[in-house]
Amino acid sequence: SQISVETGVVTEVLADKVENKSELRISADEKTAVYIVNLTGVAKNDADSTEDSLTVDYSKAGEQLYKLALGTKDAKPVALTTTPDNKLYPEILADGSITYLSADPDGNTINTIKTIKADAAVSDLTLDIEVTWSAKVSSGLIVAGTAADGSTRIYSTTPAGSKTELYRTTKDVAEIAVSDDGSKLAIIIDGKILVIQNGKALQLT
């Protein structure tokens, strides 16, 4: 549902029986919604519904991304993914592409940022870290992760795929926060708040 801040009027956007929706994101032009659906296993049994015949099919279980066109009458959600990876931090970028952090539930491959273009083409964002966190800013994404040498690195990335290193440290980064325009970046290390400016950390507490 959509709620008007000015009038308090509630408008129904989507009415389906799909449960377990989360991580709702709205595009800047308010025309597109993206969210995650956690699909569960499907129970099956025979015509007599006997207990012994009950089985649960988990072949399609897992987290999947869906997109909904807002403002379009009778619009239906469109599945953007069908893969078994865990999906975190979905975002809609300024160019309309959709990104998310992809994590292998079995731990066989490193975490990556995947980008879904308007033509449904999917690609990996080229980085030299295993991504653990990402957030949208006006210019693209801020991503953080662990490099092969064990250091934590934070990058600013654009929809075109270019990246700029903002900060790196050998210490454990507990939390990261960034302003919407990407101009202000703060981290927490050893319980202390630090603001990142020009690749340097200024301790506030």
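Student: Which residues have the most contacts inside the largest nonpolar core?
Tutor: They are Trp133, Ile142, Ile154, Ile176, Leu185 and Ile187, in a core of 14 residues. A nonpolar core is a set of buried Ala, Val, Leu, Ile, Met, Phe, Trp, Tyr and Cys residues joined through side-chain atoms within 4.5 Å. Buried means under 20% relative accessible area, exposed over 50%, partly exposed in between (1.4 Å probe, protein chains only).

Student: Which strands each supply at least two residues of this core?
Tutor: S13 (129-137), S14 (140-147), S17 (173-178), S18 (185-189) and S19 (192-197). Strands (E, at least two residues) are DSSP runs, numbered from the N terminus.

Student: Before we go on, where does the model come from?
Tutor: The model is predicted: local features need pLDDT of at least 70, side-chain atom pairs count only at pLDDT 80 or more, and totals for chains, interfaces and linings use all residues. Residues are numbered from 1 along each chain as its sequence is written, and side-chain values use heavy atoms, with hydrogens and water left out.

Student: Back to Trp133. What is it in contact with, leaving aside neighbours within four places in sequence?
Tutor: Tyr89, Leu101, Ile142, Val143, Ala144, Ile176 and Val178. Contact means heavy atoms within 4.5 Å.

Student: New topic. Which strands make up the open sheet?
Tutor: The order is S3-S4-S7-S8, with antiparallel pairing. Two strands pair if DSSP finds at least two bridges between them.

Student: Why is one side of S3 and of S8 left without a neighbour in the sheet?
Tutor: S3 and S8 (78-79) stand at the edges, each with a single partner strand, so one side of each has no neighbour there.

Student: What about S15 and S16? How many residues lie between them in the hairpin?
Tutor: There are 5 residues between them, and Gly161 in the turn has a positive phi of about 105°. S15 (residues 152-157) and S16 (residues 163-169) pair in the antiparallel sense over 6 bridges. Arg153 stands opposite Arg168 in S16.

How values were computed:
Helices (H or I, at least four residues) and strands (E, at least two) are DSSP runs, numbered from the N terminus.
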